[in-house]
Amino acid sequence: MTVIAKSGWVMAARTGRAALAAVIGHPVAHSLSPAIHEYWLQERGIDGAYIPLAVAGDDFTKAVSFLMRAGFRGCNVTIPHKETAFRLCDVPDEAAQRAGAVNTLWFEAGRVHGANTDGYGFIRNLSGSGFDPAGKKIIVLGAGGAARAIVMTLGDAKAGAIVIVNRTGEKAAALVDACCRYGVPCQASGQGMLARELDDCHLLINTTPCGMADREAFELDLSPMPDGAAVCDIVYTPLMTPLLREAKGRGLTVIDGLGMLLHQAAPGFARWFGVMPEVTPGLRNHVVALLPS
Ligand code: ATR
């Protein structure tokens, strides 16, 4: 049986055998993950469903336990539960251990497995944009959870030198310590040194919320960056942030944040629904149409 949803989507009615997954967060209504996974389920004709669950605070652990007992295959985890999810994992993957945070859970034989796919999503998006970080000097703005996952993965991709610049110097120093313990070549630099650091920088990455709609943006002069350099923003609302607009005006390669979001979703889908999905222009257009204008 099929149902035509108001949006014009053809929805398959779920059978009792549907493979089930969810995203748990608080808030969760803004999450684009249900749209991404439903797109792939439809594209592949899979009897499955992906459900957003708004769960706050201490209820998170109970919710995960309930999902496992209810036969769900697993779930995504978003703000504010990524660190709690890591702590409750029986089997965290290496990226999760390095990040101390988990965004993807799956259940196997009564055990909770966890992965952090943010770094994977970032690198896949970067390589899809034609940028190879090997041997390159890279500046990362911000020192939060997203920066940590990204810097660790840039280390795996053999980045030449990574410079972390953050509003709060202590947090940048702590991130450098954590990454150096994993052999990632990185150092912290003060905001005042940014102009000088940019002149031999091949890739600048914004991992802070600056530039999001209704938030202040960085006012950065990108003119010192060499020709052929790239600028990447993990913010995707708006798609073209003020930083990316500045980069485009300067003739630099521009990499927006939506690709990372789409790619980080793929490993979870493969775990729960048994097929590795593709990030296609069709998926991207579908999600772009849902972004706030
Ligand atoms: P996430 O874990 O999602 O990456 P986070 O831990 O809140 O998010 O980290 C956000 C990063 O953006 C932090 O490094 C933060 O800087 P501080 O360490 O000084 O807090 C940075 N950030 C947030 N708002 C900022 C702003 N207005 N200007 C500059 N940096 C900002």
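**A walk from the sheet to the ligand**

Phe107 has Val112 in strand 8 as its bridge partner. This is a predicted model, in which local features need pLDDT of at least 70, side-chain atom pairs count only at pLDDT 80 or more, and totals for chains, interfaces and linings use all residues. Residues are numbered from 1 along each chain as its sequence is written, and side-chain values use heavy atoms, with hydrogens and water left out.

Strand 7 and strand 8 pair in the antiparallel sense, over five bridges. Two strands pair if DSSP finds at least two bridges between them. Strands (E, at least two residues) and helices (H or I, at least four) are DSSP runs numbered from the N terminus. The open sheet has six strands in the order 4-3-5-7-8-6, and its pairing is mixed. Strand 4 (48–54) and strand 6 (91–92) are the edge strands, each pairing on one side only.

Ala109 lies in the loop between strand 7 (104–108) and strand 8 (111–115). Its phi is positive, about 50 degrees, although Ala109 is not a glycine. Most residues other than glycine have a negative phi, and most peptide bonds are trans. Is Ala109 buried or exposed? Ala109 is exposed, because its relative accessible area is 86%, and exposed means over 50%, buried under 20% and partly exposed in between (1.4 Å probe, protein chains only).

Asp214 also has a positive phi, about 70 degrees, and is not a glycine. Asp214 sits in the loop between strand 12 and strand 13. With a relative accessible area of 83%, Asp214 is exposed.

Met225 is found in the loop between strand 12 (203–206) and strand 13 (230–233). Met225 counts as buried because its relative accessibility is 1%. Which residues does Met225 contact, leaving aside its neighbours within four places in sequence? They are Leu198, Cys201, Leu203, Leu204, Ala230, Val231, Arg250 and Leu252. Contact here means heavy atoms within 4.5 Å. Asp156 is 69 residues from Met225 along the chain, and their C-alpha atoms are separated by 24 Å.

Two cis peptide bonds come next. One joins His26 and Pro27, with omega about 5 degrees. Pro27 is in the loop between strand 3 (19–25) and helix 1 (33–44). Another cis peptide bond joins Ile79 and Pro80, with omega about 10 degrees. Pro80 has its place in the loop between strand 5 (74–77) and helix 3 (82–88).

For Ala146, a backbone N or O atom lies 3.0 Å from a ligand oxygen. For Lys171, a polar side-chain atom lies 3.3 Å from a ligand oxygen. Taken alone, the ligand exposes 640 Å², and the protein buries 71% of that. Such areas come from the Shrake-Rupley method with a 1.4 Å probe.

Note on methods
Polar contact = N/O pair within 3.5 Å; in protein donor to acceptor, adjacent residues only side chain to side chain.
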